[in-house]
Amino acid sequence: MLRLENVRSFYGGIEALHGISLHVNSGEIVAMIGANGAGKSTTLMTICGEPRARSGRVLFGGADITHEPTFQIIRKGLSHAPEGRRIFPRMTVLENLQMGAVVSAPAHFRDDLKLVLNLFPILGERQLQRGGTLSGGEQQMLAIARALMSRPRLLLLDEPSLGLAPMLVKQIFDVIRHVNQERGVTMLLVEQNAHQSLRLAHRAYVLSNGEIIMRGTGAELLADPKVRDSYLDGGN
């Protein structure tokens, strides 16, 4: 479904990605792990066209989207729940969800709204509350729900558990698993909680300084001594 071929990406004159190549098959959850500054979030943003890949190709559903504007990429069935949530704080929960549904057919809105409110019941109770007044965990739920309202074939998730209490982390990962298994949504997941993400993922990539240094199934990387020492047992 998604393929990156030797993608190089820059912020001004600084090269952030040094020839990244990866793929995500339909129906998979693929994780990217690595230290802060490894290039994980930049990879997701480059897929969406901001920053634009300086060289290499980004293919989605077999089509080259490397130079397409972000709004066209989203219309093709790709959605992004970015790091830091980035909800619309002055809009209500319902209005945020309506914004997520802009690229979807209006006929689907009620069914999709019912789906995300079943996944996150607290949002149903908060529909008329401004997004900026929600707790951090509720804002994260809203960010994921808003992304799902566009009916994505591929969902990019950036640090969905960042800063959340353990019980909320479990709930978020349960929702990710459910949406993948029951709704068939393919996912590319960036997550600092390497242990949880590798347990969840079908496959994973390890990034360091803008390069992929390891790859394998989630189980293989969980068992790898280098991964355990660097990312699972208190390493950096």
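Tutor: The model is predicted, so local features need pLDDT of at least 70 and side-chain atom pairs 80 or more, whereas totals for chains, interfaces and linings use all residues. Residues are numbered from 1 along each chain as its sequence is written, and side-chain values use heavy atoms, without hydrogens and water.

Student: With which side chain does the side chain of aspartate 158 make a polar contact?

Tutor: Beyond its neighbours within four places in sequence, aspartate 158 is in contact (heavy atoms within 4.5 Å) with residues including Leu44, His80, Pro82 and Val190. Its side chain also makes a polar contact (N or O atoms within 3.5 Å, one able to donate a hydrogen and the other to accept it; residues adjacent in sequence count only if both atoms are side-chain atoms) at 2.7 Å, and the partner is serine 41.

Student: What is the relative accessibility of phenylalanine 120, and is it buried or exposed?

Tutor: Phenylalanine 120 sits in the loop between α4 (109–119) and α5 (121–125). Leaving aside neighbours within four places in sequence, phenylalanine 120 touches Met141, Ile144, Ala145, Gln171, Ile172 and Val175. Phenylalanine 120 counts as buried because its relative accessibility is 0%.

Student: What covers the buried residues of α4?

Tutor: The buried residues of α4 are Asp112, Leu113, Leu115, Val116, Leu117 and Leu119. Their cover includes α3 (93–100), α5, α6 (136–148) and α7 (166–183).

Student: What is phi of asparagine 209 near?

Tutor: Asparagine 209 is placed in the loop between β9 (203–208) and β10 (211–217), and it counts as exposed (over 50%) because its relative accessible area is 58%. Its phi is positive, in a residue other than glycine, and is near 50°.

Student: What is omega near for the peptide bond from glutamate 50 to proline 51?

Tutor: Proline 51 is in the loop between α1 (40–47) and β4 (53–60). The bond that joins glutamate 50 to proline 51 is cis, and its omega is near 10°.

Note on methods:
Helix = DSSP H or I, 4+ residues; strand = E, 2+ residues; numbered from the N terminus. Buried < 20%, exposed > 50% of the residue type's maximum accessible area, 1.4 Å probe, protein only.
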